[in-house]
Amino acid sequence: MSQPQKQNPERAYAEPSINMETEAYWDATKQDKLLLKSCEDCGETHWYPRAICPHCSSSNTVWFEASGKGKIYSFSVMRRAEIPYVMAYVTLAEGVTILTNIVECDFETLEIDQDVEVVFRATEGDQALPLFRPTSQD
Amino acid sequence: MSRSCKVYIAGVFEHPTRKAVDKTIAQLHAEVAIGALKDAGLTKSDVDGYFCDGVAPGLGGMSMAEYMGLDLTYTDSTETGGSSYLVHVGHAMAAIAAGKCKVALITLAGRPRSEGVKSLAARDYGNDLPERGFEMPYAPVITNMYGMAAKRHMHEFGTTSEQLAWIKVAASHHAQHNENAMLRNVVTVEDVVNSPVISDPLHRLDCCVISDGGGALVVVSPEIAKSLGDRCVKLLGQGEAIKHLNSGRFDLTHTAAVKSGPIAFAEAGVTPADIDYASIYDSFTITVLETIEDLGFCAKGEGGKFVSDGNLISGTGKLPFNTDGGGLCNNHPGNRGGMTKVIEAVRQLRGEAHAKVQVPDCTLALAHGTGGSIAQRTGAATLIMGRNDA
């Protein structure tokens, strides 16, 4: 059996700002799904999701569900915040690096290249917010 | 390719205030403009070009032009954060070379200290910002974003907190001689690494000060420079660039200086080894470390060793930097340090820096500005200047 993850208190997560280009992304978070966008013309995945592909300028961009697995590219524990939190960039298995927070972790043992997986938290709106936690070892 | 028409900086002024509770931002803009024009030996009726950042009061430069009573035929309000003013110098060089204006005034003013701006508050640029929903909920703050850059640099190159601390130590050695500097105490590596951690691995003393104030520059055509005498400083080269998150494929160990630097060096026809003095943007110690690597003063990854050998200290090091104490000790007016970087470089080339930090026979100087966040969207601008006879 694995050790229970250390639980640090977390701040309330504000309602995300949503627009016509990102409605589908935020709707999917209500079912704990992390969506990415790729381009049907050039085949490249991009982050953050856009209507127009930043690689080839095509409008044929499509949503797909991410694996939710990734590795920490870098992180910084924001110790001076009222409720300290971990700011991080996580490189997803799909190749893009995204801004996030790491939760359910011991601040002192986090490492660059550590395996992490997506987890969702309720926001002050209807949507959920994707964050990441260390991948369980069991 | 070198511009055939050489353009000069004729006047500079750094506002002495560090906390301006009794002055408006418009008033500070006007005070620095008056100071720089006086330093140049010109008056406001000589000014036909005006440059300011995107946060100066009003739409572009129009309200400030009206407030100061300027009669303009050229204006530019390019906004790239703290690097804006070095971008403005480059744009003034081009405008003057193209005959669009002859005397360009560039001003900066801000009062975040009086207004109680909190360094821990997240920046928010509004609802139309396309990346907003994917960043703001995670509480990105300038300190934790630069903290991630430092953490990654340490991971890849073995850079240590003690090495980063040397950058603050060097700045404090210089600031002790600057009577206007906010922090004049000489600090040690131990002082820096024992100061409270703000966001790993950055300590309080890895961070710049928050100050009110401002500064101004007057950039002029060669004909006007000739009439003003030898305090004019010659602009030899300028480069600017932007780096962003590139659709999710990026690194945190380089800044946009890797592009702006080579453009400036090529235009000036000089190399990093030729530079006698450098003003390097220092919002945080890590900003300096990555920038000196990117500009070619040492190889990528060797910045830690370069700074911990004492190379940034005037009088002993190979690359005397920020001899006014920089943003780490002197001031960071409006949370934008690019302006004061240019001003101290001009002082060095004129031989008007404090005697204790003046670089002997300083003939070539570099000033570098960094804007935005090096861990998100960042601007860079590099300026190479020579003594009047260079």
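How many C-beta neighbours does B:Ser247 have inside 10 Å, and what does it count as? B:Ser247 has 18 such neighbours and counts as partly exposed; a residue is buried with 20 or more other C-beta atoms within 10 Å of its own, exposed with 12 or fewer, and partly exposed in between, the C-beta atoms being placed from the backbone. The model is predicted: local features need pLDDT of at least 70, side-chain atom pairs count only at pLDDT 80 or more, and totals for chains, interfaces and linings use all residues. Residues are numbered from 1 along each chain as its sequence is written, while chains are lettered from A and ligands numbered from 1 in the order in which they are written.

**Backbone features**

Helices (H or I, at least four residues) and strands (E, at least two) are DSSP runs, numbered from the N terminus.

- Most residues other than glycine have a negative phi, and most peptide bonds are trans.
- B:Ser247 has a positive phi, near 60°, and lies in the loop between strand E8 (233–243) and helix H9 (257–268) of chain B.
- A:Asp32 also has a positive phi, near 55°, and is placed in the loop between helix H1 (23–29) and strand E1 (35–39) of chain A.
- A:Asp32 is exposed, because 12 other C-beta atoms lie within 10 Å.
- A:Trp47 and A:Tyr48 are joined by a cis peptide bond with omega about -10°; A:Tyr48 sits in the loop between strand E2 (45–46) and strand E3 (61–65) of chain A.
- The bond from B:Asp200 to B:Pro201 is cis, with omega near -5°, and B:Pro201 is in the loop between strand E5 (197–199) and strand E6 (202–203) of chain B.

**Chain A against chain B**

- In contact (C-beta atoms, placed from the backbone, within 7 Å) are 31 residues of chain A and 28 residues of chain B.
- On the chain A side, strand E4 (69–78), strand E5 (85–92) and strand E6 (97–102) each supply at least two residues.
- That side of chain A has 19 nonpolar, ten polar and two charged residues; Ala, Val, Leu, Ile, Met, Phe, Trp, Tyr, Cys and Pro count as nonpolar, Asp, Glu, Lys and Arg as charged, and the others, Gly among them, as polar.

**Domains of chain B**

- Chain B is divided into domain 1 (7–115 + 212–235) and domain 2 (141–208 + 237–386), with bounds from an automatic or database domain assignment.
- The centres of the two domains of chain B, taken over C-alpha atoms, are 23 Å apart.
- Domain 1 of chain B has 30 residues in contact with 31 residues of domain 2 of chain B.
- Helix H3 (84–97) of chain B is among the elements giving two or more residues to the domain 1 side, and H3(B) gives the most, with seven residues.

Conventions:
Two residues are in contact if their C-beta atoms, placed from the backbone, lie within 7 Å.
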